[in-house]
Amino acid sequence: MPLRHRTTLTQYLIEERRRFPNSKGNFNALILDVALACKAIARAVAMGELGGLYGDHAAEAGGAINVQGETQKKLDVLSNDLFIRMNEWGGHLAGMASEEMDHPYQIPKPNPRGKYLLVFDPLDGSSNIDVNVSVGSIFSVLRAPQDAIDSGRDLTEQDFLQPGATQAAAGYALYGPTTMLVLTVGNGVSAFTLDPNLGEFMLTHPRLKVPEDTQEFAINASNSRFWEPPIKRYVDECLAGKSGARGKDFNMRWIASMVAEAHRILMRGGVFMYPKDNKDPSKAGRLRLLYEANPIGMIMEQAGGRASTGREPMLSVKPSGLHQRIGLVFGSKNEVERIERYHREPVEIENNTPLFAERTLFRD
Ligand code: AHG
Ligand code: MN
Ligand code: MN
């Protein structure tokens, strides 16, 4: 394909910016810095064992544990570092927050501070790194509070606790057979494929739309004994197939890289669930609100899909902590709405006493 027939990410951003004649180009420069971090991570991931980057971080010292209580991989740490290095100098950011850092990252002096916040999961799907299965990076762009912009003060955790609906942009990079960047700046969703020889992301999938219906679902079924009744009902109905309430057969997938599941769903529909369950009552879910659920939620909604906790739209949740976990359901609109309806409807239990789904948790 001759180059002139393809739009580059830079060109796409410039054309998008023309909708806002007063913008100064900071936002575009920020997205290009994020894209550069993703290209650097793609290169490191592609080297695999040759780059000496498989395995746990600081394995010789017994391994490093992040704020999530999870073992960090070498590539988790490197990816986090690349995001920071590529984004701390440009003057577009007031601060950053990441899965791999306990607290907000302050833009070091003398670098100028800008008006945006960058929140990211530098490498999603860590358990797949060493086995050469797709991983990715997820990012969310928020606006810094005005007083922080005016004063240039250090950021607090509180400054990041904004509902997903306020995101200025969100996206992810997927390091699969090809590297792709998927982006929304609040005007639909477009996907770009990395031309590795040119080092450019080229627009290959403009205006993506998630099909409203699907016959494919994704959930980690090893947790089924901990599920709440609405999720159990939904999955049971999918498994019953043609002969059950749904009257059609379903297919199932589980990659264990949420970013890869999101990409499949964006391309051909489907529903993903990592719901709140009763495995560990101290955790409201497995995935994290600010740098997993919200950016993927914005992408889904911008592509005509839906993202939810099961009980309320994901993007309306008021965050309470930087690393807060949450139940997440997203994908084809009609399926997500059905799951939300199951959470609202009373469930039938053994003795035929109708109870609301949530309350059944407390009885057996
Ligand atoms: P991360 O690697 O950033 O910690 O996230 C991994 C997440 C997500 O990508 C995936 O859907 C989920 O963990 C897989 O969890 P299970 O191992 O419980 O299936
Ligand atoms: Mn993740
Ligand atoms: Mn991660």
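Analyst: A polar contact is a pair of N or O atoms within 3.5 Å; within protein, one must be able to donate a hydrogen and the other to accept it, and residues adjacent in sequence count only if both atoms are side-chain atoms. As for conventions, this is a predicted model, in which local features need pLDDT of at least 70, side-chain atom pairs count only at pLDDT 80 or more, and totals for chains, interfaces and linings use all residues. Residues are numbered from 1 along each chain as written, chains are lettered from A and ligands numbered from 1 in the order written, and side-chain values use heavy atoms, leaving out hydrogens and water.

User: Which atoms of Asp 124 and Ser 126 lie close to an oxygen atom of ligand 1?

Analyst: For Asp 124 a polar side-chain atom lies 2.8 Å from a ligand 1 oxygen, whereas for Ser 126 a backbone N or O atom lies 2.7 Å from an oxygen of that ligand. Trp 254 also places a polar side-chain atom 3.0 Å from an oxygen atom of ligand 1. Of the 470 Å² of accessible area that ligand 1 has on its own, the protein covers 87% (Shrake-Rupley method, 1.4 Å probe; for residues, only the protein chains shown count as cover).

User: Which residues are the protein donors of the manganese ion, ligand 3?

Analyst: Donors are N, O and S atoms within 2.8 Å of the metal (3.2 Å for Na, K and Ca), and because water is not among the atoms, sites may look incomplete. Here the protein donors are Glu 99 (OE), Asp 121 (OD) and Leu 123 (O), lying 2.2 to 2.3 Å from the manganese ion (ligand 3), with the spacing E-x21-D-x1-L along the chain. Asp 121 bridges this ion and the manganese ion (ligand 2), the two lying 3.7 Å apart.

User: Is Asp 121 buried or exposed?

Analyst: Buried means under 20% relative accessible area, exposed over 50%, and partly exposed in between (1.4 Å probe, protein chains only). Asp 121 counts as buried because its relative accessibility is 0%, and Leu 123 is buried too, at 1%.

User: What should I look for in a nonpolar core?

Analyst: A nonpolar core is a set of buried Ala, Val, Leu, Ile, Met, Phe, Trp, Tyr and Cys residues joined through side-chain atoms within 4.5 Å. The largest one has 44 residues, and among those touching the most other members are Phe 83, Leu 118 and Phe 139. A second, separate core of 31 residues includes Leu 174, Ile 265, Met 300 and Phe 330.
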